[in-house]
Amino acid sequence: MPEGHTLHRLARLHQRRFAGAPVVVSSPQGRFTDAAAVNGKVLRRASAWGKHLFHHYDGGAVVHVHLGLYGSFTEWELPEGELPPEPVGQVRMRMVGSGYGTDLRGPTVCELIDVSQVDDVVARLGPDPLRADAEPTRPWSRITKSRKAIGALLMDQTVIAGVGNVYRNELLFRHGIDPYRSGQKISEAEFDAMWTDLLALMKVGLRRGKIVVVRPEHDHGAPSYAPGRPRTYVYRRAGDPCRVCGETVHTAVLEGRNVFWCPTCQT
């Protein structure tokens, strides 16, 4: 599932390519039945909060997108005088502007809402570390009172918005914390250090478009878990030796998602 930095990158890209001008919006697949309501309207701005993307149009209409596990945008250029290419696959929403287009496939959510409903969506979310107004008081209050595992709390979007499975696993490794330790047993100093580190890591992800978590002194040896991806410490490395201590990386299922950790480095 795309993590928060991906949605912020999309918001910035769509702001740059489409905002300030009318946009042709359609649903080649036919499932986004409200596409006609914003077709031809001016896109005022694109924004993101956690894993949610919002396209704000003239008149107050907002297209709300959550990519979920399988959703993705395909971006393409449209040279002057050329017609848009034929849709490929199940395109839920197509946006065409001046010189650019984008196709959305497979999202969990693609719906038309209004500004008050945007507020409702955001009210259910925790602070987004990539937003300027993010502050750690709310998540710390939730975590320090909870008996749930910190590995579960970090993935709870009502605690912190935008953290996915890669950031969750890698952040806990970087701070030597077992994912099954309860929130109540996380010290304030540990949380402050994790929050500061998370902000820095997600900003790198926003800038580079990749999740970069391995420190330079450990960025060698076994390759990444997938071609074209930066190395990770534990994510998708079950059964491999820890990059720091050599212990075997463990894995288990925590509230429906795979969690990875080093039993020696994380306590």
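Modeller: The largest nonpolar core has 34 residues, and the members that touch the most others are Ile143, Ile150, Ile160, Tyr167, Ile186 and Leu198. Two or more residues each come from helices H4 (137-144), H5 (150-153), H6 (165-174) and H7 (188-208), and H7 gives the largest share, 7 residues. This is a predicted model, in which local features need pLDDT of at least 70 and side-chain atom pairs count only at pLDDT 80 or more, while totals for chains, interfaces and linings use all residues. Residues are numbered from 1 along each chain as its sequence is written, and side-chain values use heavy atoms, leaving out hydrogens and water.

Colleague: What makes a set of residues a nonpolar core?

Modeller: The term denotes buried Ala, Val, Leu, Ile, Met, Phe, Trp, Tyr and Cys residues joined through side-chain atoms within 4.5 Å. Buried means under 20% relative accessible area, with exposed over 50% and partly exposed in between (1.4 Å probe, protein chains only). A second, separate core of 23 residues includes Ala46, Ala48, Leu104 and Cys110.

Colleague: Which residues does Ile143 touch, leaving aside those up to four places away in sequence?

Modeller: Ile143 touches Ile150, Leu153, Val159, Gly183, Gln184, Ile186 and Phe191. Contact here means heavy atoms within 4.5 Å.

Colleague: Why are H4 and H7 called oblique to each other?

Modeller: Their axes, lines fitted to C-alpha atoms over the stretch in contact, come within 11 Å and cross at roughly 135 degrees. Angles run from 0 to 180 degrees between N-to-C directions; under 35 counts as roughly parallel, over 145 as roughly antiparallel, 65 to 115 as roughly perpendicular and the rest as oblique. H4 and H7 are therefore oblique. At this crossing, Pro139, Trp140 and Ile143 in H4 meet Glu188, Phe191 and Trp195 in H7.

Colleague: What makes H6 and H7 oblique to each other?

Modeller: The axes of H6 and H7 come within 11 Å and cross at roughly 130 degrees, and the two helices are therefore oblique. Residues of H6 that include Tyr167 and Leu171 meet residues of H7, among them Met194 and Leu198.

Colleague: How do you know that the span of H1 is close to the expected one?

Modeller: The expected span is 1.5 Å times one less than the number of residues. H1 (residues 4-18) has 15 residues and reaches 21 Å from its first C-alpha to its last, close to the 21 Å expected. After H1 comes Gly20, with a positive phi near 90 degrees.

Conventions
Helices (H or I, at least four residues) and strands (E, at least two) are DSSP runs, numbered from the N terminus.
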